[in-house]
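Please consult the sequence and the model shown below.

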Amino acid sequence: MGKGGALSDSVIKKIVLSYSYVAIWIFLSFTVIVYNKYILDKKMYNWPFPISLTMIHMSFCSTLAFLLIKVFKFVEPVSMSRETYLRSVVPIGALYSLSLWLSNSAYIYLSVSFIQMLKALMPVAVYSIGVLLKKEGFKSDTMVNMLSISFGVAIAAYGEARFDVWGVILQLGAVAFEATRLVLIQILLTSKGITLNPITSLYYVAPCCLAFLFIPWIYVEFPVLRDTSSFHFDYAIFGTNSFCAFALNLAVFLLVGKTSALTMNVAGVVKDWLLIAFSWSVIKDTVTPINLFGYGIAFLGVAYYNHAKLQALKAKEAQKKIQQADEESGRLLEEREGDGEGKKNESEN
């Protein structure tokens with residue numbers, strides 16, 4: 001009884017912790033998205049400088065990641081040569097800088113709810129780029145599912161009350177660059193046995209990302225900021241915004257480390273629906289029935305995609321266990337045959 005009770009307590013504790021990690025991640029992800037929208041939107045804080053905002057985030061994250069790894073030894077650094085850094089991390093940093101720049105820019109032109117709907121295209125982009133780079137095999141049923149997601153997003157776009165072509169181009173570009181980055185992480189890092197958690201990832205990628213962003217910033221935003229004499233750096237706003245962005249990376253570290261990447265995908269779906277509801281009820285963005293109908297179709301496609309990935313992962317794990325069992329059986333059989341030969345030789349002598 002005591003052991004059963006203790007087991008139940010440990011299981012309950014594990015469930016409570018898992019849900020806590022999910023809740024923290026949803027809250028921080030939600031906060032960063034809404035906070036960025038508040039800063040960049042011309043009708044709110046009115047600071048429409050997405051490159052500058054991203055550079056502030058990268059500077060803050062680089063500094064904290066350096067302190068956590070080099071000073072406080074919270075996380076062990078990854079052993080990496082200069083050649084590996086230049087060939088693997090630098091391209092990923094370039095794509096990450098473009099993804100963040102374009103996605104933050106989209107908040108100036110589009111509603112939070114519509115941006116979340118467009119982000120449903122991420123599996124489509126990841127799969128398509130994976131096929132192009134020969135990381136994924138082409139499957140007709142998967143492609144049909146990808147087309148259904150695209151069809152749902154197209155319906156949502158058709159029903160969007162504040163449709164802006166330039167905003168859509170920016171967000172679709174951000175999705176394309178982010179999807180390419182995710183595929184290249186598998187090709188350039190994971191395949192070489194290099195695994196970066198969110199802290200070590202920021203330690204290596206954020207400074208590189210900052211360097212890439214500096215080039216367009218000099219020509220696009222710096223002249224405007226230089227001529228805007230009324231601007232004063234708001235440490236409270238940008239400090240708390242940057243801290244939330246860094247805390248979100250820590251939350252990803254906790255969520256994936258203590259649960260799984262699939263849990264994060266499911267939590268992401270919950271977060272998207274909450275953001276749509278918040279955008280409609282608090283920010284007063286217009287969400288039409290056609291929006292919701294289209295996103296519903298896309299949502300079902302994404303849910304099926306995640307389910308298919310989970311089933312494939314389970315099948316792979318089962319196959320691996322069967323292979324290990326066969327190898328173990330073969331080894332035991334060889335040992336028995338060896339023992340039998342040994343006893344036979346002894347009896348003949």
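Which residues of helix α5 are buried?

## Helix α5

The structure is a predicted model. Helix α5 spans residues 122–132, and its buried residues are P123, V124, A125, Y127, I129 and G130. Following α5 is K134, which has a positive phi, near 60°.

## Packing of α2 against α3

Two packed helices are described by the angle between their axes and the distance between the axes. For helix α2 (residues 50–71) and helix α3 (residues 82–109), the axes come within 8 Å and cross at roughly 130°. That angle makes α2 oblique to α3, and the crossing of α2 past α3 is right-handed.

On the α2 side, the contact involves P50, I51, T54 and M58; these meet Y96, L100, W101, N104, S105 and I108 in α3. By class, the residues of this contact comprise 7 nonpolar, 3 polar and no charged.

## Cysteines

A search of the whole structure returns 0 disulfides. The cut-off for a disulfide is a pair of cysteine sulfur atoms within 2.5 Å. For C61, the closest cysteine sulfur belongs to C209 and lies 9.7 Å away, which is too far for a bond. C208 is likewise in no disulfide, the nearest cysteine sulfur, that of C209, being 7.3 Å away.

Are C61 and C208 buried or exposed? C61 counts as buried because its relative accessibility is 2%. C208 also counts as buried, with a relative accessibility of 7%. Both values fall under the 20% cut-off for burial.

Conventions:
Residues numbered from 1 in each chain as written. Predicted model: local features only at pLDDT ≥ 70, side-chain atom pairs only at ≥ 80, totals over all residues. Heavy atoms only, no water. Axes fitted to C-alpha atoms, helices over the stretch in contact; angles between N-to-C directions. Helix = DSSP H or I, 4+ residues; strand = E, 2+ residues; numbered from the N terminus. Parallel < 35°, antiparallel > 145°, perpendicular 65-115°, else oblique. Left-handed = near helix turned anticlockwise from the far one by under 90°. Contact = heavy atoms within 4.5 Å. Nonpolar A, V, L, I, M, F, W, Y, C, P; charged D, E, K, R; others polar. Buried < 20%, exposed > 50% of the residue type's maximum accessible area, 1.4 Å probe, protein only.
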